[in-house]
Amino acid sequence: MEAAVTELDIQRLNDRFAIPSIAQIVPGNGGLPKVKISSAAASAEIYLHGAHLTSWIPAGAEEVIFLSDKAQFQDGKAIRGGVPVCFPWFNAKADDPKAPSHGFVRTKTWELESIIHEGNAIAVALSTQHDQATQKWWPHDFHAVHKITIGSDLKLELSVTNTGAARFNFQEALHTYYRVGDVRQVRLSSLDGVTYLDNADNLREKVQQGDNIFTQRTDNAYINTESELELSDPQLRRRILIGKQNSKNTVVWNPGDELARGMADLGDEEWQHFVCVEAANIRSAAITLEPGEEHTMTANIRLAELH
Ligand code: TA6
C-alpha cells in the first residue's frame with residue numbers, strides 16, 4: 001500500500017516543478033495528485049498514479065480523451081479511461097492468472113521528473129522502476145519513463161531501460177481511450193488488409209476488411225502494422241490522427257453493450273463514447289532488452305477537420 005500524498009508533498013512538488021499559471025500539481029480525484037497544465041496551446045491533466053493522462057484539450061477543440069464517470073481513483077486500482085500504461089505484460093499474465101491485468105505500473109505512483117517548455121508545448125516526464133512488489137510478479141530490474149508532451153498535438157513516449165544484469169522480454173501498450181460522439185458512427189482507417197487476432201473470437205487470426213466500424217464488441221490485436229490511423233467522428237465533426245513509432249502492434253477495443261454492463265467502473269451507456277486505439281508491442285512483438293539497453297515506443301496524436 002503506498003502512503004497517501006500530503007498537502008506538504010504537493011507543496012514540495014510545486015516548489016520543484018510548477019510553472020506559474022501554466023503547470024501546477026493539485027489534489028485530483030480521490031485526493032490523488034495530478035499535474036494540471038493550462039497553456040495557450042492546450043490543457044491537460046496527468047495523475048502521478050500510473051503516470052496516467054486523463055485529459056487533453058487542444059486550444060479551440062473539445063476534450064479528446066475519454067474518462068469514465070465511474071472511474072476509480074485509488075491505490076491499486078487502474079483508472080478507467082485516459083491512457084493506461086500497460087507494462088511489462090498485456091492483458092492477463094500468461095503464467096499467472098492472479099497477476100494484475102496489463103501489468104503493474106498503471107497502479108503504481110510514479111515519480112515526477114520534470115515539467116519543461118518544449119516550443120509551444122509543455123513536456124511532463126514521470127518515472128518508475130522495479131521494487132520488491134514488482135519483483136514478486138516480474139523478477140527483473142527496470143527503469144521506465146513516460147514523457148507526455150502537451151501542445152496542439154499530443155506525444156506519448158514510453159521508454160524502458162534494462163537496469164539489471166540479465167536480458168528480459170516485456171510487452172507494452174499505451175492503451176489510449178479516445179472520446180467520440182457515438183462509437184456506432186465512427187470509422188477507423190486504415191487497417192484494411194492487416195492481419196489481426198480477434199480476442200472476441202478465441203484469438204482467431206483474421207484479416208481486416210476495409211475500415212473498422214463499431215457495431216458490436218471489438219477487441220482486435222493487429223500484427224505488424226506501423227500505419228498512422230484516422231478516427232473519423234461525424235458527431236464531434238473531427239478526425240483524430242493516430243501515429244506511432246517503434247510499435248509493431250495496434251490494439252483496437254470497444255467493449256460493446258453487453259460487456260460494458262459488467263464493468264463497475266464504466267457507466268452502462270458510456271461504451272458508446274469511446275474507442276481504444278493502442279500503440280503496442282505484444283505477443284510475438286514483445287521487446288527483448290539486454291542489460292543497459294533502452295527502448296522507446298511513441299504515440300503521436302493530432303486533430304484534423306472532418307473531410
Ligand atoms: O485493450 C483491449 C483489452 O486488452 C481488452 O481485452 C480489455 O480487457 C481491455 O483491454 C481493458 O482491460 P482492463 O484491464 O483495463 O479492464
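In what follows, Ala, Val, Leu, Ile, Met, Phe, Trp, Tyr, Cys and Pro count as nonpolar, Asp, Glu, Lys and Arg as charged, and the others, including Gly, as polar. The model is predicted: local features need pLDDT of at least 70 and side-chain atom pairs pLDDT 80 or more, while totals for chains, interfaces and linings use all residues. Residues are numbered from 1 along each chain as its sequence is written, and side-chain values use heavy atoms, with hydrogens and water left out.

Welcome to the inside of the model, where the count is 1 cavity of 30 Å³ or more. A cavity is a set of points, on a 1 Å grid over the protein atoms alone, where a 1.4 Å probe fits but cannot get out; lining residues have an atom within 4 Å of a point. Points are joined across faces, edges and corners, and a volume is the space filled by probe spheres set on them. The largest cavity has a volume of about 80 Å³. It is lined by 13 residues, and those closest to its centre are Ile 242, Gly 243, Lys 244, Glu 278 and Ala 279. Sorted by kind, the lining residues are 7 nonpolar, 4 polar and 2 charged. Strands β18 (238-245) and β20 each give at least two residues to this lining. Strands (E, at least two residues) and helices (H or I, at least four) are DSSP runs numbered from the N terminus.

**Two residues listed by UniProt, His 175 and Glu 278.** The unreviewed UniProt entry lists this pair under "active site"; its positions are given in the numbering used here, feature names are shortened, and annotations may be inferred rather than shown by experiment. The two residues are spread over 104 residues of sequence, yet they cluster in space, with a largest C-alpha distance of 4.7 Å. Of the two, Glu 278 is included in the lining of the largest cavity. What joins the side chains of Glu 278 and His 175? A polar contact of 3.4 Å does. For a polar contact, a pair of N or O atoms lies within 3.5 Å; within protein, one must be able to donate a hydrogen and the other to accept it, and residues adjacent in sequence count only if both atoms are side-chain atoms.

**A closer look at Glu 278, in strand β20.** Strand β20 covers residues 274-281. Is Glu 278 buried or exposed? Glu 278 counts as buried because its relative accessibility is 1%; buried means under 20% relative accessible area, exposed over 50%, and partly exposed in between (1.4 Å probe, protein chains only). Setting aside neighbours within four places in sequence, Glu 278 is in contact (heavy atoms within 4.5 Å) with residues including Ala 173, Leu 174, His 175 and Thr 176. Asn 249, Thr 250, Val 251 and Trp 253 are also among its contacts.

**A closer look at His 175, in a loop.** Here the chain runs between β11 (172-174) and β12 (177-179). His 175 has 6% relative accessibility and therefore counts as buried. Not counting residues up to four places away in sequence, His 175 touches, among others, Gly 82, Val 83, Pro 84, Cys 86, His 102 and Cys 276.

**His 49 and its surroundings.** This residue sits in the loop between β3 (42-47) and β4 (52-58). With 3% relative accessibility, His 49 counts as buried. A polar atom of the His 49 side chain lies 2.7 Å from the backbone oxygen of Lys 77. Beyond neighbours within four places in sequence, the contacts of His 49 include Leu 32, Gln 74, Asp 75, Gly 76, Lys 77 and Ile 79. Arg 106, Thr 107, Lys 108 and Thr 109 are also among them.

**The largest pocket.** A pocket is an open set of grid points with protein on both sides within 12 Å along at least five of seven lines. The largest one holds about 480 Å³ of space. Among its 21 lining residues, Gly 76, Pro 100, Phe 104, Thr 107 and Lys 108 are the closest to its centre. The lining divides into 7 nonpolar, 6 polar and 8 charged residues.

**Two cis peptide bonds.** One runs from Phe 87 to Pro 88, with omega near 5°. Pro 88 belongs to the loop between β5 (85-86) and β6 (111-118). Another cis bond leads from Ser 189 to Ser 190, also with omega near 5°. Ser 190 is placed in the loop between β13 (187-189) and β14 (195-198).

**Positive phi at Ser 21 and Asn 224.** Ser 21, a residue other than glycine, has a positive phi near 60°. Ser 21 lies in the loop between α1 (7-17) and β1 (23-27) and is exposed, with a relative accessible area of 71%. For Asn 224, phi is near 55°, again positive in a residue other than glycine. Asn 224 is in the loop between β16 (218-222) and β17 (229-233) and counts as exposed at 60% relative accessibility.
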